[in-house]
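Here's a quick briefing on the cavities and salt bridges in this model. Have a look at the structure first, then read on.

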Amino acid sequence: MRDPADSLRFILGLKLKNLRLHRGLSLKNVAARAGLSISYLSEIEKGKKYPKPERLLDLARALEVGYDELVSQRVTDELAPLTDLFGSAYLQEFPFELFGTAAPELVSSIGDEPGRVAALLGTLAEVGHRYDIDLGELLLAALRSYQHLHQNHFPELEKAAVEFRRAQGWTVRTRLTPERLADVLEREHGYENDDETLERHPLLSGFRSIYAEGNPPRLFVNGRLLREQQAFLLARELGYRALGLEERAITSTWIQVTSFEQILNNFRASYFAGALLIDRDSLIRRLERLFAERRWNPQAFLDCMVQTRSTPEMFFHRLTEVLPSAFGMEQLYFIRFSRTGPGGRAPGLFRLTKMLNLSKIPLPQGEGLGEHFCRRWAALRILDTLAADPPHRADEPILASRRTRFLGYDQEFFVVSMARPLALDSDLLSSVTLGVRIDDAFRRRVRFADDPAVPREEVGFTCERCPLSPQECVERVAPPVLLDKRRDQAALAAAVERFVRDQGGGG
């Protein structure tokens, strides 16, 4: 509810509904007394309409309340928590419209007791504060849910990239180098592009890019990046222009999120960049040839990536946009981990830095603070391998592939992980992982789906939740304290149930 008018409509709707329910009146009763249609009164209560003064006077008479009391911003103690909550940054910025609703509609759909709604939403906000979930994390989670809702396929962005390429006279074989992309920004949008200054700055040399609005606009791209990364940043900048996206972040890495519009526009521009650099139809043809092989061929997979002139992260992201819609592989996930190398601060520290989960497996993002990710994951093992055998170049990733099953779940995933040092910090290692569920759709399209040469692994989520004994898992780095706690609670509940049953039977 970013518009003050939204707040006025919302508060009026809440007061009307609360007054009507307290008087035991139906919508039909009040509508008849006020001379309104039932549908119009319902729209007012949902915060969608704000009636003219004469209609408000009719409503005040119908509910036997003063006009001033009805239209004032003052609310009862019962409604105060709800209006306070809807004034918070969490709900002011949350993009309800992306999910086909609005904040007032959500309140109306939950039930007829505003106090209970306030308690529910207040609880969610309290959980966010307790686990130190800031507004940016909440909005990024909303974006991931939005991607999930659309299976991460956005035809309008695909079409925009195709039309842009055609307007430039580029074919799918045209190599979109940083120089070619920078030239379009300069000629058509008056940009000044700088690939020298940023890497020399004492504090900002870790940023991939910084945008400076002005006349002319300036884009600073870090010259130490791989050429594929530079091309992506320039293509994303073209995406902002081609799609007419104005609200934006100015740095490549989020420092502070101030609105969902920033996040959504960054996603749209990035999607456009991926579609521009990696043509969808060409990628589908390459994947069809790869999937037609009888045996899993890691080199063929690497060759497919190299042909798209992309980094592992760019390539895996593009696969999440193509596999569900083009091949029916709807259950998949993308994960990016980082690990501090032997020369960095806190060596050996793993961090989960990005995730897109389109599967039904509850992957570990959002687990309790301080938990340790399962060290059996290929994504973490190849980071250890990379750390133990330096030096490696950022443009020469190592690859691992597995058939992965998560403990407690029947689904099996075909998993490919790639790891490399980061271009801007060789002491920080990064791995990206794509997991695709091996189901009927996968088997229909992929001939090597059941290749016995691909190693199998059974993995958990975090050590604190893992049921394997120390003998079964030598990689364990922390005791299963959360699993033990749940088991203790279950044992106590069972003991209480037996006690009550026995005492009842003896009475």
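**Cavities and salt bridges at a glance**

Searching the whole structure turns up six cavities of 30 Å³ or more. A cavity here is a set of points, on a 1 Å grid over the protein atoms alone, where a 1.4 Å probe fits but cannot get out. Keep in mind that this is a predicted model: local features need pLDDT of at least 70, side-chain atom pairs count only at pLDDT 80 or more, and totals for chains, interfaces and linings use all residues. Residues are numbered from 1 along each chain as its sequence is written, and side-chain values use heavy atoms, with hydrogens and water left out.

**The largest cavity**

- Its volume is about 150 Å³, taken as the space filled by probe spheres set on the grid points, which are joined across faces, edges and corners.
- The largest cavity has 14 lining residues, meaning residues with an atom within 4 Å of a point.
- Nearest the centre of the largest cavity are Phe291, Phe301, Phe414, Leu434 and Val436.
- Helix H16 (280-291), H18, strand E7 (412-422) and strand E8 (425-437) each supply at least two lining residues, and H16 gives the most, with three.
- Helices (H or I, at least four residues) and strands (E, at least two) are DSSP runs, numbered from the N terminus.

**Salt bridges**

- The count comes to 25 salt bridges, each a side-chain nitrogen of Lys or Arg within 4 Å of a carboxyl oxygen of Asp or Glu.
- Glu158 and Arg318 pair up at 2.8 Å, N to O. Glu158 sits in helix H11 (residues 155-167) and Arg318 in helix H18 (residues 312-327), so this bridge ties together parts 160 residues apart in sequence.
- Glu158 is buried at 7% relative accessibility, and Arg318 is buried at 1% (buried is under 20% relative accessible area, exposed over 50%, partly exposed in between, with a 1.4 Å probe and protein chains only).
- Lys354 bridges to Glu313 at 3.4 Å, N to O. Lys354 is in strand E5 (residues 350-357) and Glu313 in helix H18, so the pair links parts 41 residues apart in sequence.
- Lys354 is partly exposed at 31%, whereas Glu313 is buried at 18%.

Notes: 1 Å grid on protein atoms, 1.4 Å probe; cavity = no way out; pocket = protein on both sides within 12 Å on 5 of 7 lines; lining within 4 Å.
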